Amino acid sequence: MDNNAELLNCAQNIYIGKCRKLNLSRMEFLKRPLKAHVRTFGCQMNAHDSEKMESVLKSMGYELSEDAARADLVLMNTCCVRENAENRVFGNLGKLNFLKKDNPDMIVVICGCMMQQDAVVEKIKKSYRHVDVIFGTYNLNRFPQLLLTRMETGKQVIDIWKEAESTEEEPCDISLRHFRFKASVNIMYGCDNFCSYCIVPYVRGRERSRPHGEILAEVAMLAQDGVKEVMLLGQNVNSYGGGIKGELTFAGLLDRICGVSGIERIRFMTSHPKDLSDELISTMKAQPKICKHLHLPVQSGSSRILKAMNRKYTKESYQSLVDNIKKQIPDISLTTDFIVGFPGETEEDFQDTCEIVKYARFSGAFTFLYSKRIGTPAASMEGQVPEEEANERLQRLLKLTNAVIYEENSKLVGRTLRVMPEEVSAKDPSLLTGRADNNALVHFRSSESLIGSFTDVLIEECKTFYLMGSKKD
Ligand code: SAH
Ligand code: SF4
Ligand code: F3S
């Protein structure tokens, strides 16, 4: 971390201290703890940003709570990748307005990707005046300062930046982990790919890789703190290091992380198919710590649609990439994302998508209805597919993917997988839930004491999206 960033963190620590002081006297007055509720929408990047803000809130003296209704501070970290994510945020804002009538001292903070759109901020300013603090994706680290301003002035605080400023976006690198044994680590921010349907490059800015030294230091610190599994995050991890002279490639970075003692498993997402290198495949093959799982979003199986999406690969090149990966790493598990109903998609294009499912034999998939995002090129493309038609295709695709996922996961029955149990199953407290190296979700009967340690589990039954097994002695 450079000196500027350190200085800045010191400054934010001062604001954290001031908020804490105000909170302590308020708690003394109220004779009860102050509670904060954090709600996250969107991807793992957002979830990780929320962990950082949760850590800040705890340092300010708040207790974290699941109960928004009784919270003294509610923070919503938003997503705008699809319209329904935005609608849910507005729905929640409406509910908070209602809650705030009963609890006028409640502080409402809203941040994240949605706030990078001018129209959204205007709408909140006009119709959701009960929101106290608004900031975006580039100045997350200023959260303590902005909250203090609100506490001191009682006025609405809005601070939206149009782009990132150097290394400042790392707040204090301390995040509140919900699991002691696993953690997420940002290796890069932003995206340069401009897929024609996608809003992310507009709200997260240009691609910026963190220097590998900073990443390795963070991973080493986490390992010392008991973390065994890291998830490396980026919109396109395969282009890590691009634009920085002499920086490691993504495969090089993985190699170095494998050398951090205490780290036993490395996962990453997301891999853009256009940048997946042979070097990455051979590194994955050679390094047992790297999980044999690739999330490789295909979006569509039609080369014509892929071109319109600006994905920069074709059906054929995706298929040969899959062939190559499976040849080198036969045990690999592939998962993917699909968008159904992209403008101009015909039944024939959709059939190509179905073919890719059968060809690549995914063991997991997220299927999305295309959602028009204002400001992206696809929003003004001709041939917008009627919702009913797109929905009907989505149902067919779900049926097909689920059948393939079932077949693929059934192949694991009878095998012994190395699982790290993460928690007690929410449905059955006698079961532990964890993930195998290949990302398969496994439930098995065991005691809580095993949570966070690697265990061999014999897989006995496939339930499509998860597996049932028993612990081997
Ligand atoms: N960077 C990742 C994806 C991030 S967004 C990648 O390129 O693989 C996660 C997923 O949301 C995408 O893979 C895509 O399937 C979906 N998505 C993005 N924009 C969308 C839109 N406008 N409508 C529907 N789904 C969308
Ligand atoms: Fe969006 Fe494409 Fe970037 Fe992924 S690679 S975040 S889909 S623009
Ligand atoms: Fe959503 Fe922002 Fe992630 S738009 S998907 S939260 S990068």
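Colleague: Is phenylalanine 179 buried, partly exposed or exposed?
Modeller: This is a predicted model, and the accessibility is computed from it. Buried means under 20% relative accessible area, and exposed means over 50%. Phenylalanine 179 has 22% relative accessibility, so the residue counts as partly exposed.

Colleague: What kind of pair do the rings of phenylalanine 179 and phenylalanine 181 form?
Modeller: The count comes to ten aromatic pairs. In this one, the ring centres of phenylalanine 179 and phenylalanine 181 are 5.7 Å apart. Planes under 30 degrees apart count as stacked, over 60 as edge-to-face and the rest as tilted. These two planes stand at 55°, so the pair is tilted.

Colleague: How many residues apart in sequence are the parts tied together by phenylalanine 250 and phenylalanine 268?
Modeller: The two rings form an edge-to-face pair, with 5.0 Å centre to centre and 80° between the planes. Phenylalanine 250 lies in helix H8 (residues 250–258), while phenylalanine 268 lies in strand S11 (residues 265–269). The pair therefore ties together parts whose separation in sequence is 18 residues.

Colleague: Which elements do the buried residues of H8 pack against?
Modeller: H8 is mostly covered, with seven of its nine residues buried. Among them are Phe250, Leu253, Leu254 and Ile257. Phenylalanine 250 has 3% relative accessibility. The partners of these buried residues are helix H7 (212–224), strand S10 (229–233), S11 and helix H9 (278–286).

Colleague: Which residues does asparagine 193 contact, leaving aside its neighbours within four places in sequence?
Modeller: Asparagine 193 is placed in the loop between strand S8 (188–189) and helix H6 (200–204). At 9% relative accessibility, asparagine 193 counts as buried. With those neighbours left aside, asparagine 193 is in contact with Asn236, His272, Lys274 and Asn310.

Colleague: How many residues apart in sequence are the parts tied together by lysine 100 and aspartate 132?
Modeller: The whole structure holds 34 salt bridges. In one of them, lysine 100 meets aspartate 132, with the closest N and O atoms 2.7 Å apart. Lysine 100 counts as buried at 12% relative accessibility, and aspartate 132 counts as buried at 7%. Lysine 100 is in helix H3 (residues 83–102) and aspartate 132 is in the loop between helix H4 (118–127) and strand S5 (133–135), so the parts tied together are separated in sequence by 32 residues.

Colleague: Which helices hold aspartate 352 and lysine 315?
Modeller: Aspartate 352 forms a salt bridge with lysine 315, the closest N and O atoms being 3.3 Å apart. The pair ties together parts that are 37 residues apart in sequence. Lysine 315 is buried, at 11% relative accessibility. The helices are H12 (residues 347–360) for aspartate 352 and H11 (residues 315–328) for lysine 315.

Colleague: Over which ring does the charged end of arginine 418 sit?
Modeller: Arginine 418 belongs to a salt-bridge network with Glu229, Glu264, Arg265, Arg267 and Asp437. Its charged end also sits 3.9 Å from a ring centre. That ring belongs to phenylalanine 454.

Colleague: What is the radius of gyration of the chain?
Modeller: The chain has 13 helices and 19 strands. Buried residues make up 54% of its 473 residues. The globule rule gives 23 Å for 473 residues, and the chain's value is close to that, so the chain is as compact as a globular protein of that length. Its radius of gyration is 23 Å.

Conventions:
Residues numbered from 1 in each chain as written. Chains lettered and ligands numbered in written order. Predicted model: local features only at pLDDT ≥ 70, side-chain atom pairs only at ≥ 80, totals over all residues. Heavy atoms only, no water. Phe/Tyr/Trp six-rings, centres within 6.5 Å; stacked < 30°, edge-to-face > 60°. Buried < 20%, exposed > 50% of the residue type's maximum accessible area, 1.4 Å probe, protein only. Helix = DSSP H or I, 4+ residues; strand = E, 2+ residues; numbered from the N terminus. Lys NZ or Arg CZ within 6 Å of the ring centre and 35° of its normal. Contact = heavy atoms within 4.5 Å. Rg over C-alpha atoms; globule rule 2.2 N^0.38 Å. Salt bridge = Lys/Arg side-chain N within 4 Å of Asp/Glu carboxyl O.
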